[in-house]
Amino acid sequence: MPDLQKPKDSAVLKTFAGQKTLILLGGLAAFGLATRTQAAPAFDSDSPWMLGDWNGTRTELAEKGYDFKLDYTGEMGSNLHGGYDHDRTARYSDQFGLGTHLDLQKILGWDDAEFQLTITERNGNNISNDRINDPRVGGFTSAQEVWGRGQTWRLTQMWYQQKFLDRKLDIKVGRFGEGEDFNSFPCDFQNLAFCGSQVGNWVGDIWYNWPVSQWALRVKYHLTPELYAQVGVYEQNPSNLDRDNGFKLSGSGTQGAILPVELVWTPKLNSLPGEYRAGYYYSTANATDVYKDRNGQPAALSGEAYRSSSSKHGIWLGLQQQLTSRASDHSRGLSVFANATLHDKKTNAIDNYVQGGVVYKGLFDARAKDDIGFAMARVHVNPAYRKNAEASNQARVVNDFDDPAFLPPQDTEYSAELYYGVHLTDWLTVRPNLQYIRHPGGVDRVDDALIGGIKVQSSF
């Protein structure tokens, strides 16, 4: 897990968040007044950008190959009931993303070439760290997915992409994360168990999801218009996770490479889109056993160093499929999704994970762009990892659950989330949500938790 931060008092937090929002909106309003003659004016509900079209300049630049983005995601979480600490409070986390995408065919005449640069900044605190999960062992999911990997500035994307052979072959090189291309999944839910590449959530010590980047190469080849295979090589460098290394470009600290391969099928079933993924990852770096020493004995009891393995691996499956649509608008209708991962039992805390859910877009005719979603997940702890905690308690002769030195054995955590996405404008969506966590952190002595959340997504 990323470093825990000291929680802020809820009153201070709300004041800070309010001041930050007022300053931001004030600046945007001033900018909007200064550009009120735009083709799409600032705060136009039909514009994809809060700041509008800059008097047509933004569209003109995009037509020439220059596309600029400033996105914002903010998430509030409050422990309404249960959890490790029953003291009620609220926490807020957010992220700014500033980027540019360059169509190099339009700009330089390079056929089928493009470049992406994105810088992100994260702030805030997470309700899961000490209110929902037992801080002695931490948790696996997060009620606020935008929190984590150090609340700091990062170079998140800096890559060049080139297509060949009538666009069948696609090569991407630079700095980016595995989850952009492999085991990728949307991030409309607020709970981490239903957001983004799930492999990165359960083997986060080697697979670095957004906003962390590393040197990487990805090669994709379309076997048919609906079927492609891809392979990647990613620098495995834990120092990239450090808060002070958000813009690190050197390879110092590299321990090996992670090699993912994936087959992706994107059919149209009854004219409705779907996506099906199956993949495998292999890490060349040494990995530490979660339980045994080099003699095959419990390391926590023997006092010997945990044995080392020369690699680490796992697999994933994923599906997304739209099932129904409206005759007047095919973007509306019911979709289903599911994801599953399986990991190395010798070296990983989580040995398997599965989730599934449904999303309906445009449930009401008057709110055709709103969406409602529900999902459930199961995160299963490796039995060897659980035995290691028991052995650690035995070695230190600690048996009382309430003893600060006791390590609670972890087993299975269940998560559920229900949200309703209010599409206020084409540049602003607000998703109130309720989350239920059974056995937070896989600790059955921790009370089941009910969390209230609000997720805000906006494009300036």
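## Salt bridges across the chain

The side chains of aspartate 365 and arginine 332 form a salt bridge in this predicted model, at 2.9 Å from N to O. The two residues join distant parts of the chain, 33 residues apart. Aspartate 365 sits in the loop between β15 (350-361) and β16 (371-381), and arginine 332 in the loop between β13 (312-322) and β14 (333-343).

**Exercise 1.** Classify aspartate 365 as buried or exposed, then do likewise for arginine 332.

*Solution.* Start with the cut-offs: buried is under 20% relative accessible area, exposed over 50%. Aspartate 365 has 61% relative accessibility, so it counts as exposed. Arginine 332 has 5%, so it counts as buried.

**Exercise 2.** Find which residue pairs with lysine 369 in a salt bridge, and state what the pair ties together.

*Solution.* First, the partner is aspartate 426, with the closest N and O atoms 2.9 Å apart. Lysine 369 lies in the loop between β15 and β16, aspartate 426 in the loop between β17 (412-425) and β18 (428-438). The pair therefore ties together parts 57 residues apart in sequence. Lysine 369 is partly exposed at 44%, and aspartate 426 is partly exposed at 29%.

**Exercise 3.** Locate aspartate 181 and arginine 218, and say whether they are buried or exposed.

*Solution.* Their side chains meet in a salt bridge of 3.4 Å, N to O. Aspartate 181 is in the loop between β5 (169-176) and α5 (198-202), arginine 218 in strand β6 (residues 214-224), so the bridge ties together parts 37 residues apart in sequence. Both aspartate 181 and arginine 218 are buried.

Note on methods
Residues numbered from 1 in each chain as written. Predicted model: local features only at pLDDT ≥ 70, side-chain atom pairs only at ≥ 80, totals over all residues. Heavy atoms only, no water. Salt bridge = Lys/Arg side-chain N within 4 Å of Asp/Glu carboxyl O. Helix = DSSP H or I, 4+ residues; strand = E, 2+ residues; numbered from the N terminus. Buried < 20%, exposed > 50% of the residue type's maximum accessible area, 1.4 Å probe, protein only.
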